[in-house]
Amino acid sequence: MSDLLTVSNLSVRYPSREKTGWGKPKSYVSAVDDVSFSIARGETLGLVGESGSGKTTLGLSVLRGVEPSAGRIQLTLPRGTLDVTALSSKELRRARRHFQMIFQDPYASLNPRMTVRDIISEPLIAQRGLGESLDRAMINARVVDIAQRCGLSRDQLRRFPHAFSGGQRQRIAIARALVLNPDLVVCDEPISALDVSIQAQILNLLAELQESLGLTYLFIAHDLAAVAYVCDRVAVMYLGQIVELGPTRSVYFTPKHPYTEALMSAVPEPDPDATLRPILLQGERPDPSNPPSGCRFHTRCRYATELCATAAPTLREVANGQFAACHYATELTLQGAQDLRERKDERVAV
Ligand code: SF4
């Protein structure tokens with residue numbers, strides 16, 4: 001499969017609120033620091049890490065929802081390569097038909113004053129305003145088709161969001177994101193605001209839509225079981241950097257970075273009689289405006305040596321398709337989330 005998205009050396013820095021006497025920011029918080037990865041067409045890449053690791057900022061910056069401070073984002077489309085970082089604001093609005101986002105909270109992301117039909121058709125009408133030739137019949141046909149694919153009936157298009165449950169609202173949000181038939185969809189914690197009983201339905205819906213529409217997903221989540229279920233590969237973030245990247249099975253069962261090992265030890269155990277052996281990380285998460293020297297994880301890593309405090313490891317391939325940013329990635333024998341083995345192979349029934 002050829003790459004659809006290529007991200008090279010992407011950084012996002014936010015200025016601190018404190019100013020110098022000259023009115024300039026005293027420091028910068030590096031939310032994403034020199035991140036590079038790619039996603040193949042039709043693939044799902046998971047992005048995991050604890051709160052504040054930079055997952056959502058990275059997802060937003062890929063769509064230019066926040067402006068990158070440095071780096072390049074490219075989409076390889078049938079008609080040629082689109083340099084997303086170089087687009088003017090008008091070009092960016094037009095290019096949004098190629099990439100869309102599904103947000104975490106379906107209660108906050110839908111306008112309560114608009115009918116479901118108006119909500120789903122909004123992106124099409126915006127594209128028509130930018131010069132796309134779309135008449136009312138074409139818009140209507142597209143809205144009905146995507147709504148039905150998302151499990152919504154024609155009758156429901158006349159109603160307002162308040163008449164729907166959380167799972168149905170997320171179906172509306174998914175229909176709105178997919179109505180332009182985008183190439184890339186960034187899913188930002190798409191199930192975390194939903195009841196557990198509904199989460200499997202939405203995951204299955206995303207998987208079905210990916211298959212039928214040929215979608216590519218960047219799937220951001222802190223639910224490691226959900227990521228294992230839907231993702232082909234996983235990237236693990238810590239303090240704004242990718243510390244491990246590889247096929248889902250490899251990252252879960254044979255992690256090569258100590259932070260991944262700690263994350264995997266916290267994956268919920270489905271057997272109520274089994275006991276979890278979580279690896280408790282030492283200390284607090286460091287301040288992102290003043291990250292530790294050398295390996296950023298060294299203040300909490302149980303394998304750290306003197307070298308780790310002074311030399312920053314680079315992300316390098318340490319096994320087949322598996323990359324890790326750890327000096328000792330090939331020497332350490334780390335524990336994986338073995339208990340997920342059965343769950344990954346089973347599709348949850350809708
Ligand atoms: Fe731990 Fe050192 Fe590896 Fe960093 S480089 S993850 S501190 S062992």
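## The ligand and its cavity

The ligand takes up the space of the largest cavity, where a cavity is defined, on a 1 Å grid over the protein atoms alone, as a set of points where a 1.4 Å probe fits but cannot get out, and a molecule sits in one if more than half of its atoms lie within 2 Å of its grid points. This is a predicted model, in which local features need pLDDT of at least 70 and side-chain atom pairs count only at pLDDT 80 or more, while totals for chains, interfaces and linings use all residues. Residues are numbered from 1 along each chain as its sequence is written, and side-chain values use heavy atoms, with hydrogens and water left out.

Which residues surround the ligand? They are H257, P258, C295, F297, H298, C301, Y303, A304, C308, C326, H327 and Y328, a residue being counted if one of its heavy atoms lies within 4 Å of the molecule. By class, this shell holds nine nonpolar residues, three polar ones and no charged ones; here Ala, Val, Leu, Ile, Met, Phe, Trp, Tyr, Cys and Pro count as nonpolar, Asp, Glu, Lys and Arg as charged, and the others, Gly among them, as polar.

## T254 in its loop

T254 is found in the loop between α8 (248–253) and α9 (258–264), with helices (H or I, at least four residues) and strands (E, at least two) taken as DSSP runs numbered from the N terminus.

Leaving aside its neighbours within four places in sequence, T254 is in contact (heavy atoms within 4.5 Å) with R249 and Q322. The C-alpha atoms of T254 and S293 are separated by 27 Å, and these two residues are 39 residues apart along the chain.

S61 belongs to helix α1, which covers residues 55–62, and S61 is buried because its relative accessible area is 0%. When residues up to four places away in sequence are not counted, S61 touches L10, V12, V66, P68 and I73.

R64 lies in the loop between α1 and β4 (70–77), and R64 is buried as well, with a relative accessible area of 11%. The phi angle of R64 is near 60°, a positive value in a residue other than glycine.

## L239 between two strands

L239 is placed in the loop between β9 (233–238) and β10 (241–247), and L239 counts as buried because its relative accessibility is 4%. Phi of L239 is near 45°, which is a positive value in a residue other than glycine.

Notes
Buried means under 20% relative accessible area, exposed over 50%, partly exposed in between (1.4 Å probe, protein chains only). On a 1 Å grid over the protein atoms alone, a cavity is a set of points where a 1.4 Å probe fits but cannot get out, and a pocket is an open set with protein on both sides within 12 Å along at least five of seven lines; lining residues have an atom within 4 Å of a point.
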